[in-house]
Amino acid sequence: MALTDLSDLYGAINEEGINRVVRHLMRLRPSLFNYGTEAVASNLELLCQPIDADPMVFARNNPLITIESPLPVLGTDGVVNLNYCVQLTDFKIDFHPSNSIDLPPELSLLPEQHFALSARACVGLDCPDPKFMQQLENALDQLYAPTFIDDFINPKDAAGHTSSNNPGKPGRKPPPFTIPTRKLKCFCLEVYVIGHMEISKTNGRFLIKPKLDKIEIVDLRPQEMEDMIECYVASVIRLGLLPRIQIALEKIVFDQMKIVTVTLKPAAGVPHNPSIEKDELRAYINMEVA
């Protein structure tokens, strides 16, 4: 049977084409996949993994890292902060049948009409030198100790008068401080996802949308921590990533003398539309001419 026996148009995207585009994008726009503080951006040796960027990135002076705010140390009211980095170092998609990604045992085999994703993410966080930490601890002791008890019990306003309107807060707060970093402590995670595709109509447009079915982070213990992180990552994928990855069957207007308008709609007589098979994402489309 010809691919267009049940529809007017047929289109397909091969998994290797997607993976090749992603690889090029990671080299041409590394700042989309690497995040860290300004200290990390100015000293790339702090990164968990070196960035393999295209020479064009350096020629155009494009950023390698998206700069983020330092991570506050809990309990310091934002006074003490740490440098960190987050990197997505590898990404791959595999359409059924599974022949590009080796799934972990927890996910078993890739079901028909499904796709698999694999990604490797690395996280680095500063763990300050113990001697420096002792110096910083002593400095904070000297800063807070003389007035902390009195200010906590009898807080004073800027003029030095006792006030009962704002109880329980120390009288002064130093400016934010980010601890200098010599080296980040790093770890990497292997993340695997299984999903499928659906067609839906939103605001009058037909959209092909990816949907997440299962997620697995390999060899993370204890199990409760793995479950918690998997839940958070799944929320990020479902709410932050997948809504941005949609393929629209756009309305096409042939304005040669403004004679006809052609509207694209998903074909209804196809068993699976969109279809995931033979390493491809396939879409079957019908045309309506007005």
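The model is predicted, so local features need pLDDT of at least 70 and side-chain atom pairs count only at pLDDT 80 or more, while totals for chains, interfaces and linings use all residues. Residues are numbered from 1 along each chain as its sequence is written, and side-chain values use heavy atoms, with hydrogens and water left out.

The chain holds 5 helices and 15 strands. Helices (H or I, at least four residues) and strands (E, at least two) are DSSP runs, numbered from the N terminus. Of its 290 residues, 33% count as buried. Buried means under 20% relative accessible area, exposed over 50%, and partly exposed in between (1.4 Å probe, protein chains only). The accessible surface of the chain is about 18,500 Å². Carbon and sulfur atoms contribute 57% of that surface. These areas come from the Shrake-Rupley method with a 1.4 Å probe; for residues, only the protein chains shown count as cover. Among contacts in the chain with a separation of 6 or more, 67% join residues 24 or more positions apart. Contact means heavy atoms within 4.5 Å.

Helix α1 spans residues 15–28 and has 14 residues. From its first C-alpha to its last it reaches 20 Å, close to the 20 Å expected at 1.5 Å a residue. The expected span is 1.5 Å times one less than the number of residues. Glu15, Asn19, Val22 and Met26 of α1 are buried. Seen down the helix axis, the buried residues of α1 fall within an arc of 60°, so they line one face of the helix. The arc is that of the directions from the helix axis to the C-beta atoms. The buried residues of α1 pack against β1 (9–14) and β6 (84–95). The N-terminal end of α1 is capped by Asn14. A side-chain oxygen of Asn14 lies 2.8 Å from the backbone nitrogen of Glu16.

Met56 belongs to helix α3 (residues 55–59). Its relative accessible area is 39%, and Met56 is therefore partly exposed. Met56 and Arg27 are 29 residues apart along the chain. Their C-alpha atoms are separated by 9.3 Å.

Strand pairing was examined next. Strands of a sheet pair through backbone hydrogen bonds, either parallel or antiparallel. Two strands pair if DSSP finds at least two bridges between them. An open sheet is formed by 3 strands in the order β4-β5-β8, with mixed pairing. Its edge strands are β4 (71–72) and β8 (177–178), each of which pairs on one side only. β4 pairs with β5 (residues 80–82) in the antiparallel sense over 2 bridges. Within this pair, Leu71 stands opposite Leu82 in β5.

With β2, the antiparallel pairing runs over 3 bridges. With strand β7 (residues 115–126), β6 pairs in the antiparallel sense over 11 bridges. Here Tyr84 stands opposite Leu125 in β7.

Gly36 lies in strand β2 (residues 34–36). Gly36 is buried, with a relative accessible area of 0%. Gly36 stands opposite Cys85 in β6. Neighbours within four places in sequence aside, Gly36 is in contact with Ile65, Thr66, Ile67, Glu68, Tyr84 and Cys85. Gly36 and Val86 are 50 residues apart in sequence, yet 6.2 Å apart in space, C-alpha to C-alpha.

A cis peptide bond joins His96 and Pro97, with omega about 0°. Pro97 sits in the loop between β6 and β7. A cis peptide bond also joins Asn273 and Pro274, again with omega about 0°. Pro274 is placed in the loop between β13 (260–266) and β14 (275–277).

The loop between β14 and β15 (280–289) contains Lys278. Asp279 is in the loop between β14 and β15 as well. Lys278 is not a glycine but has a positive phi of about 50°. Asp279, also not a glycine, has a positive phi of about 65°. Lys278 counts as exposed, at 60% relative accessibility. Asp279 is buried, with a relative accessible area of 18%.

Key: A polar contact is a pair of N or O atoms within 3.5 Å; within protein, one must be able to donate a hydrogen and the other to accept it, and residues adjacent in sequence count only if both atoms are side-chain atoms.
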